[in-house]
Amino acid sequence: MRILVLGGTSEATALAALLARRRDLDAVLSYAGRTAELKRQPIPTRVGGFGGVDGLAAYLAETAVDVLVDATHPFAEQMSRHAAEAADRTGVPLVALTRAPWTPIPGDRWTEVESLEAAAEAIGAKPRRVLLTVGRLGLKAFEAAPQHHYLVRSIDPPEGLALPNARVILDRPPFDAGAEEALMRAERIEVLVTKNSGGKATSGKLAAARALGLPVVIVRPPARADVPTVRDPAAALRFIDAAGKARAGGPALAADEGGAAHPASPDDGEKGAERGV
């Protein structure tokens with residue numbers, strides 16, 4: 001079976017490690033190419049876009065892909081939409097491998113917003129010291145609030161940064177909660193602004209903000225296409241195996257909320273499963 005994994009997350013990397021152990025699976029991990037330095041992977045990789053839905057559909061057909069796995073970042077809304085449309089057009093089974101979003105717990109002081117523009121507004125008019133961890137491609141939205149002092153954390157250097165009171169630190173997750181708290185103390189941070197991307201690798205900043213009693217402005221993840229969704233790489237691999245059995249004449253598959261592959265009922269529809277992220 002030929003598997004195409006749309007990657008860029010730690011979950012995609014973990015799935016690649018599982019796929020590499022299987023001699024019966026021919027897998028490729030695809031990157032959008034937005035990160036300059038990519039980690040070496042145990043399966044073949046490709047870098048760059050496909051050329052929209054038409055390009056991805058053509059790639060799926062030309063390379064005879066049997067299963068498509070969308071393991072992109074929770075905020076990679078366009079790529080996920082293209083994956084769903086291309087899979088629907090070509091009839092290639094698709095499963096989304098995505099982490100669950102964070103949820104607030106007692107002690108959190110969250111302001112949840114729908115966009116980066118709303119996040120910039122939610123910081124307030126009064127100048128504040130802000131830890132900004134929204135990715136380098138999302139920084140332009142904060143040009144509307146230039147009065148704040150921003151500590152921008154990014155994996156790669158931002159291009160064309162137009163925030164007058166900003167300092168950039170380059171770092172790559174995971175981030176320890178203790179180190180995050182020390183950073184916020186040292187930088188006298190007054191508010192954390194981030195995206196709700198879920199996962200453990202970057203959750204330390206939320207624990208640190210909670211410990212310090214700091215407010216958090218957090219952007220909700222976008223809605224995703226209604227496709228079978230799993231939360232861990234092992235469940236994605238089970239979906240792949242079940243898709244292979246279905247192709248050989250077994251029942252069609254969906255994915256339940258816990259991430260286990262199972263035969264689809266007539267009510268599940270062709271795409272079945274869990275909505276959103």
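Visitor: In β11, which residue is the bridge partner of T111?

Guide: This is a predicted model. In it, β6 and strand β11 (residues 216-219) run parallel and are joined by four bridges. In β11, the residue that partners T111 in a bridge is V217.

Visitor: What is the order of the strands in the open sheet that has β6 and β9 as edge strands?

Guide: β6 (110-113) and β9 (166-170) are the edge strands, each pairing on one side only. The pairing in this sheet is parallel, and neighbouring strands are turned by 20° against each other on average, direction ignored. The open sheet has six strands, and their order is β6-β11-β10-β7-β8-β9.

Visitor: In β11, what is the bridge partner of K195?

Guide: β10 also runs parallel to β11, and four bridges join the two. In β11, K195 has as its bridge partner V219.

Visitor: How many residues of β10 are buried?

Guide: In a regular strand, side chains alternate between the two faces of the sheet. V191, V193 and K195 point one way from β10, while L192 and T194 point the other way, and all are buried. β10 is therefore largely enclosed by the rest of the structure, its count of buried residues being five of the five.

Visitor: At what angle does helix α5 run to β8?

Guide: Helix α5 (residues 177-186) lies across β7 (129-133), β8 (149-154), β9 and β10 (191-195). Its direction relative to β8 is at about 150°.

Visitor: And at what angle does helix α6 run to β10?

Guide: Helix α6 (residues 204-212) lies across β6, β7, β8, β10 and β11. Relative to β10, α6 runs at about 155°.

Visitor: Are α5 and α6 roughly parallel or oblique to each other?

Guide: Two packed helices are described by the angle between their axes and the distance between the axes. The axes of α5 and α6 come within 8 Å and cross at roughly 55°. Angles under 35 degrees count as roughly parallel, and 65 to 115 as roughly perpendicular. The two helices, α5 and α6, are therefore oblique.

Visitor: How many charged residues does the contact of α5 with α6 have?

Guide: The crossing of α5 and α6 is right-handed. On the α5 side the contact is made by A177, E180, E181, M184 and R185, and on the α6 side by G204, K205, A207, A208, A209, A211 and L212. By class, this contact has seven nonpolar residues and one polar, and the number of charged residues is four.

Visitor: Are helices α2 and α3 roughly perpendicular or oblique to each other?

Guide: Helix α2 (residues 52-62) packs with helix α3 (residues 77-90), their axes being 9 Å apart, at an angle of about 50°. Roughly perpendicular would need 65 to 115 degrees. α2 and α3 are therefore oblique.

Visitor: How many nonpolar residues are in the contact of α2 with α3?

Guide: α2 passes α3 in a right-handed crossing. From α2, G52, V53, D54, L56, A57 and L60 meet M79, H82, A83, E85, A86, A87, R89 and T90 of α3. By class, the contact has three polar and three charged residues, and the count of nonpolar residues is eight.

Visitor: Which residue stands opposite V69 in β4?

Guide: Another open sheet of six strands has the order β3-β2-β1-β4-β5-β12, with parallel pairing. Its edge strands are β3 (45-47) and β12. Within this sheet, strand β1 (residues 2-6) and strand β4 (residues 67-70) pair in the parallel sense over four bridges. Opposite V69 stands V5.

Visitor: How far apart in space are P222 and F75, C-alpha to C-alpha?

Guide: P222 lies in the loop between β11 and β12 (229-230). P222 is buried, with a relative accessible area of 15%. In sequence, P222 and F75 are 147 residues apart. In space, C-alpha to C-alpha, the distance between P222 and F75 is 6.3 Å.

Visitor: What percentage of the residues of the protein count as buried?

Guide: The protein has seven helices and 14 strands. Among contacts between residues at least 6 apart in sequence, 64% join residues at least 24 apart. Of its 277 residues, the share that counts as buried is 45%.

Technical notes: Residues numbered from 1 in each chain as written. Predicted model: local features only at pLDDT ≥ 70, side-chain atom pairs only at ≥ 80, totals over all residues. Heavy atoms only, no water. Axes fitted to C-alpha atoms, helices over the stretch in contact; angles between N-to-C directions. Parallel < 35°, antiparallel > 145°, perpendicular 65-115°, else oblique. Left-handed = near helix turned anticlockwise from the far one by under 90°. Contact = heavy atoms within 4.5 Å. Nonpolar A, V, L, I, M, F, W, Y, C, P; charged D, E, K, R; others polar. Pairing = 2+ DSSP bridges. Buried < 20%, exposed > 50% of the residue type's maximum accessible area, 1.4 Å probe, protein only.
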